[in-house]
Amino acid sequence: MYTLFSGPALVSLFGPTAVKSPEQFTGAAAFGGLMPLITVMVFAIVTIVYVVNRTRKDEDEGIAELLRSFQIGKLSNTTAVVIEVFLLQLIMTVALAGSIQAQGAVGMTNFAVNLLFAASITGQSFLWGMVALLFAQIFPEAGTAKGMSIGLFFVLYVLRMGTDISNIKLSWFNPLSWSYLTQVYVNNNWLPILYTLILAAILLIVAYQLEIHRDVAAGYVPEARGKAHAGKLLMNFTGLTLRMQRTAAIGWIIGLFVLGVTYGSMINKIGSLIGGASSSSNNLLQKELQITADANSNLMAQQFLGTVYMVIAVIATCFAITSLSRMVSEERKNRQEQLYALPISRLKVFLNYTIIAWVLGALAQFAGVLGVYLSQTGNKNALSAGTIFGGGLAWSFGIFFVLSLLSLLMAFAPRASALVWVYIGFAFFMGIIGNILSFPKWAMNLNIFHNLMKTASATVLPNTPNWTNLMIILMIALILTVIGFVGYRKRDLISG
């Protein structure tokens with residue numbers, strides 16, 4: 001594990017470990033070194049979206065102007081949001097530290113140190129909330145403020161990739177690096193937390209100064225003037241739908257590619273990871289990763305690919321769901337009524353959203369598999385392109401099936417279409433935990449992704465597509481989609 005996570009590939013993704021030898025790489029040290037940055041990514045993005053929605057978006061929708069018609073100060077709404085976000089971070093700090101403390105894990109029983117781990121995450125969450133608040137004053141609308149805040153986050157993320165590998169001292173100049181430079185459970189440095197709070201306070205003061213001197217719903221950066229004529233892409237409904245999803249699609253596809261690279265860098269080391277574990281841990285890892293302990297290294301790598309493909313496919317499905325769900329979200333916002341006032345049929349709208357979601361889902365799966373393949377470049381024991389792509393792309397059929405279920409929900413129970421997420425959660429649970437708990441075969445078969453590959457045996461290699469099952473799944477998906485269209489065509493439009 002120490003060799004794996006101290007390599008350049010994973011250091012660039014998760015940050016460097018604070019320990020200098022394998023003997024020091026305890027479970028606590030591994031947790032404290034690997035978890036902060038990836039957890040901060042989730043916390044920061046959620047906080048950015050929340051702060052912008054409660055400030056800039058309220059101005060865009062006229063809510064802030066309505067509030068200011070009462071006898072309250074100009075900064076009242078912003079101050080309320082800041083207090084709310086700060087108190088929420090305090091609560092999450094105690095809750096996160098308490099949940100770690102309750103588990104009694106070896107090396108993680110000191111509550112003060114657990115507070116440091118939690119604060120390294122929630123402190124960053126508050127900091128990025130203040131970054132979002134600052135950009136909410138500068139830019140003229142909510143979408144741009146969110147995009148610039150999240151964009152800055154990933155710019156700093158990429159910059160710290162280079163400094164973490166070349167010179168860790170330079171990472172101290174990167175606020176994002178302060179999340180893991182606490183070196184929690186090893187050196188327990190509280191100084192980065194202090195730096196985080198000081199910078200957040202400075203950003204808050206600057207945001208206050210900018211807001212007090214600007215008009216409501218205005219920004220310091222003028223709104224870009226649109227083109228006099230729409231581009232060819234926007235001259236048809238398909239182009240408009242693609243344009244609305246462009247930014248999200250690029251982000252998801254790049255993210256899945258990076259995930260594929262990350263997993264791919266582990267494939268040829270999986271044998272040493274299994275071999276170096278204790279007997280109980282070894283047995284658990286074999287079940288979780290679906291690996292046979294006495295297999296050769298090449299066979300282990302192919303077995304591990306099954307778990308990699310499952311994770312990539314589930315995430316790609318989540319992306320495809322968000323794409324197809326836009327059809328219902330546009331209804332809730334009363335925008336579909338404007339479309340149907342034009343000479344556009346329901347068939348055209350339904351097919352556009354459905355085909356785009358199917359294509360984007362398959363493209364996202366391809367990006368993840370491509371990342372796995374490219375991470376093998378230069379490795380003399382690399383798996384062949386046929387082995388990686390042949391098994392990996394077949395998982396797209398599972399994505400199509402889930403999208404067909406969503407089509408049914410949107411047609412017959414549009415307000416309950418979010419129930420598709422329950423099935424995704426079930427599929428992921430069965431894919432990981434089902435093997436550990438040895439669930440019966442009928443229960444495992446309820447997970448569509450479990451039916452895509454042939455059962456590995458002495459004559460059948462792992463990740464060999466079951467083409468009979470794949471064709472049956474594709475036909476069922478197409479039939480369900482057609483039924484979904486029939487239901488969508490006959491029902492009334494919903495509204496918010």
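1. The protein chain has 21 helices and zero strands. Helices (H or I, at least four residues) and strands (E, at least two) are DSSP runs, numbered from the N terminus. The model is predicted: local features need pLDDT of at least 70, side-chain atom pairs count only at pLDDT 80 or more, and totals for chains, interfaces and linings use all residues. Residues are numbered from 1 along each chain as its sequence is written, and side-chain values use heavy atoms, without hydrogens and water.

2. Now the overall size. Along the principal axes, the C-alpha atoms fill a box of roughly 75 × 65 × 40 Å.

3. How much of the protein chain is buried? Of its 496 residues, 46% count as buried. Buried means under 20% relative accessible area, exposed over 50%, and partly exposed in between (1.4 Å probe, protein chains only).

4. Next, contacts (heavy atoms within 4.5 Å). Take those in the protein chain between residues at least 6 apart in sequence: 73% join residues at least 24 apart.

5. The largest nonpolar core has 123 residues. Such a core is a set of buried Ala, Val, Leu, Ile, Met, Phe, Trp, Tyr and Cys residues joined through side-chain atoms within 4.5 Å. Trp128 and Phe449 have the most contacts inside this core. Helix 13 (residues 297–324) gives the largest share, 16 residues. Leaving out residues up to four places away in sequence, Trp128 touches Ala44, Ile48, Ser149, Leu152, Phe153, Leu156 and Leu176.

6. Look at the loop between helix 8 (142–166) and helix 9 (191–212), where Tyr185 is found. Tyr185 is not a glycine, yet its phi is positive, about 70 degrees. Tyr185 is buried, with a relative accessible area of 11%. Asn188 is also in the loop between helix 8 and helix 9. Its phi is positive too, near 50 degrees. Asn188 counts as partly exposed, at 29% relative accessibility.

7. Is Glu23 buried or exposed? Glu23 is exposed, because its relative accessible area is 66%. Glu23 lies in the loop between helix 2 (8–14) and helix 3 (27–54). Tyr2 is 21 residues from Glu23 along the chain, and their C-alpha atoms are separated by 8.8 Å.
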